[in-house]
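Subject: Structure for you to look at

Hello,

Here is the structure I said I would pass on. My notes follow below it.

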Amino acid sequence: MKQKIQIVNIVGARPNFMKIAPLMAEYKNYPEISPILVHTGQHYDEKMSHQFFDHLEIPKPDVNLEVGSASSAVQTAEIMKRFEAVVASHKPDLVLVVGDVNSTIACALVAVHMGVKVAHVEAGLRSFDRQMPEEINRVLTDAISDYLFVSEPSGLTNLTKEGIPAEKVFFVGNVMIDSLKRNLAKAEESQVLRELDLQEKCYAVLTLHRPSNVDDPIILEQLLQVMQLIGNRIPLIFPIHPRTRKNIEKFNQKLRTTLNSPGEDFTKSGIRCVDPLGYLDFLKLMAHAKVVLTDSGGIQEETTILKVPCLTLRNNTERPITVEIGSNRIVGTDPKAIYSAFEEVTALGTMHCGTPELWDGSAAARIVKILLAKHNPA
Ligand code: UD1
């Protein structure tokens, strides 16, 4: 009898969920694959984790490592310790990791130490900024992976330069866009615009959570001040990441009073804070925004497909295709530069930009085909 191919799939933090969802769906077409879903518990609350399983129709995890929040070292070490037992008991053929969070490198490292092959989805992206924890996670994960699935051409160039053998590297497109395409019609049914009393193309959306932007009180304050100016021009919706909320509360009273709390009367501030939104509500909010301001990686990609201008509040991007295509501008964190980019972008009419190669909704199908070909049961 043919043995099934056992693939252990890892999710840990919010941006992992939209990347794993299309793969879990695709496995269903192949009875010869036996997928196991492991949630490390890096993100654990309803708004950062649970609701995404429902919205994206991800099966309930087979294993939850429940590591929770801690310093980077403790979190990574705890994931490794707990995941080692999972690999030992399941003896999978393959461990598949996505993205660049601590869960990604922690599980990849455990797998290679235990002689299990590793597939990395979203390989090859580089910001060339080693201050970013994600950049370290990307470089290390790529160095130890057996199959590297690349989402944009820059990934191929970067991996070649790092000496990764070409036979390990596959340009397959973008699984995050698979999720977007699969869910856009459903997201249109969201009532989020009505609930927030917003008109299409008459508001902006802000997200901020990178340590470089939110862990330093001076930078965070400068950013929030320019956001207030923008919020006085156009409703600015700010779903606050827990890291950012915690820092705003920690830093000082002055910072706090510039912002409203979720549910409070927003007219006191130019910025309308809301709790982190679910996938479908956030997709709808982005799709009809006039402009999105963000330091997220995934949002740079999603706005490219939604054809909504994106201003990236960082000095670099690991996703240069979004800039080449014309939807994304890297504006840094200087308030004047941010405000003038906002004015320029909002003065423009409809944005015309192309679509990156292979961002067509079929990346997961390509990945699973390749994995099957490599691990074909005898
Ligand atoms: C992590 C990822 C980052 C990703 C981001 C998306 C790493 C190094 N960073 O950053 O790449 O873009 O997730 O959100 O892996 N918290 C909660 N509830 C949760 C999870 C976190 O309240 O469910 C709070 C905790 O106070 C925690 C803080 O958020 O200390 C930061 O969480 P953590 O997972 O350490 O990093 P993120 O900033 O979320």
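Arg82 has 33% relative accessibility and therefore counts as partly exposed (between buried, under 20% relative accessible area, and exposed, over 50%, with a 1.4 Å probe and protein chains only). This is a predicted model, in which local features need pLDDT of at least 70, side-chain atom pairs count only at pLDDT 80 or more, and totals for chains, interfaces and linings use all residues. Residues are numbered from 1 along each chain as its sequence is written, and side-chain values use heavy atoms, with hydrogens and water left out.

Arg82 sits in helix 3 (residues 72–90); helices here are DSSP runs of H or I with at least four residues, numbered from the N terminus. Its side chain makes a polar contact with the side chain of Glu78, at 3.0 Å (a pair of N or O atoms within 3.5 Å, one able to donate a hydrogen and the other to accept it; residues adjacent in sequence count only if both atoms are side-chain atoms). Setting aside neighbours within four places in sequence, Arg82 is in contact with Leu65, Glu66 and Val67 (heavy atoms within 4.5 Å).

The other item is a helix pair. The axes of helix 13 (residues 279–287) and helix 14 (residues 298–306) come within 10 Å and cross at roughly 55°; axes are lines fitted to C-alpha atoms over the stretch in contact, with angles from 0 to 180 degrees between N-to-C directions. Helix 13 contributes Tyr279, Phe282, Leu283, Met286 and Ala287 to the contact, and helix 14 contributes Ile299, Glu302, Thr303 and Leu306.

Regards

Key
Helices (H or I, at least four residues) and strands (E, at least two) are DSSP runs, numbered from the N terminus.
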